[in-house]
Amino acid sequence: MKIAVVGGGVIGLTTAFRLQYEFMRNAEITVFAESFDNIVSYTAAGIFRVGTSYCGASETNTSLNSILYFFNCNLIVNAPWIKMFCYGELDTYVIPNLNGAVTLGGTRNFDCENMTICPYESAAIFARCRKLIPSLANAQLIRQEVGLRPHREGEKNKLQIDCILTDTFLQIVDNYGHDGYGVSMAPGTASEAIHTAIQLHTRSSFVSKL
């Protein structure tokens with residue numbers, strides 16, 4: 001069996017990984033993405049937190065036109081003395097990584113697809129993080145990163161079953177729009193997307209035999 005997963009971020013890769021190693025070891029799985037580097041999962045802080053942004057699967061046809069984006073900016077600084085993460089107001093976070101690198105963030109500018117680094121946003125992030133941890137005033141900037149997070153405006157994230165009419169009746173499980181909860185929600189939504197896809201495949205195979 002050949003399976004395509006569209007999307008090279010944490011959601012797409014988690015779905016492909018779990019599909020290959022937990023459900024269909026003999027399947028030929030291909031992950032398609034415009035880029036595997038210039039994506040928000042690559043630049044994200046990787047915050048793992050409990051959210052209420054998920055409400056299960058829906059068989060209501062939808063459109064990816066309902067997906068909007070918000071701009072997110074992170075600063076990577078050298079601060080090896082930071083050993084614990086901190087999370088404050090206004091999406092302010094300080095998260096230590098490997099080799100003394102620390103991620104400072106962030107921003108949440110909705111309905112914005114501008115990927116240009118803004119010096120005012122960067123200065124505001126640094127000021128908020130210094131207020132949270134004053135010793136960051138001595139941190140040296142390594143790099144700045146920006147990305148776009150997909151979200152569904154006015155509704156919680158849903159697994160959608162899209163029906164597309166081509167030469168054949170194509171059914172797609174749409175597991176997209178996780179807002180800022182991609183890392184924490186990926187394992188669960190990947191499993192549900194896989195179960196939904198398997199049920200659709202089983203149902204379609206049964207109907208085709210009738």
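This is a predicted model: local features need pLDDT of at least 70, side-chain atom pairs count only at pLDDT 80 or more; totals for chains, interfaces and linings use all residues.
Reader: Glad to have the model open. What makes up the secondary structure of the protein chain?

Author: The protein chain has 4 helices and 11 strands. Buried residues account for 40% of its 210 residues.

Reader: Let's turn to S7. How do you know that strand S7 is mostly covered?

Author: Buried means under 20% relative accessible area, and 5 of the 5 residues in S7, which spans residues 101-105, are buried. The cover is found on both faces: Ala101, Thr103 and Gly105 lie on one side, Val102 and Leu104 on the other, and all are buried. As background, side chains in a regular strand alternate between the two faces of the sheet.

Reader: Why are S6 and S7 called paired?

Author: Two strands pair if there are at least two bridges between them. Strand S6 (residues 93-96) and S7 have 4 bridges, in the antiparallel sense, so they count as paired. Within S7, glycine 105 is the bridge partner of tyrosine 93.

Reader: And what lies between S6 and S7 in the hairpin?

Author: There are 4 residues between them, and in the turn asparagine 99 has a positive phi of about 60 degrees.

Reader: Which residues touch the most other members of the largest nonpolar core?

Author: They are Ala79, Ile82, Val94, Val102, Leu104 and Leu136, in a core of 14 residues. Strand S4 (67-78), S7 and helix H3 (119-132) each contribute at least two residues to this core. S4 gives the largest share, with 3 residues. There is also a second, separate core of 8 residues, with Ile3, Met24, Ile29 and Ile194 among them. In soluble globular proteins, nonpolar side chains tend to be buried together.

Reader: Which residues is valine 102 in contact with, leaving aside its neighbours within four places in sequence?

Author: Contact needs heavy atoms within 4.5 Å, and the list for valine 102 is Leu75, Ile76, Val77, Ala79, Ile82, Val94, Ile95, Pro96 and Asn97. For the protein chain, 73% of the contacts with a separation of 6 or more are between residues 24 or more positions apart.

Reader: One last residue, please. Why is asparagine 109 called partly exposed?

Author: Its relative accessible area is 27%. Buried would need under 20% and exposed over 50%, so a value in between is called partly exposed. Asparagine 109 belongs to strand S8 (residues 109-110). Its C-alpha atom is 9.5 Å from that of cysteine 73, 36 residues apart along the chain.

Notes
Residues are numbered from 1 along each chain as its sequence is written. Side-chain values use heavy atoms; hydrogens and water are left out. Buried means under 20% relative accessible area, exposed over 50%, partly exposed in between (1.4 Å probe, protein chains only). A nonpolar core is a set of buried Ala, Val, Leu, Ile, Met, Phe, Trp, Tyr and Cys residues joined through side-chain atoms within 4.5 Å.
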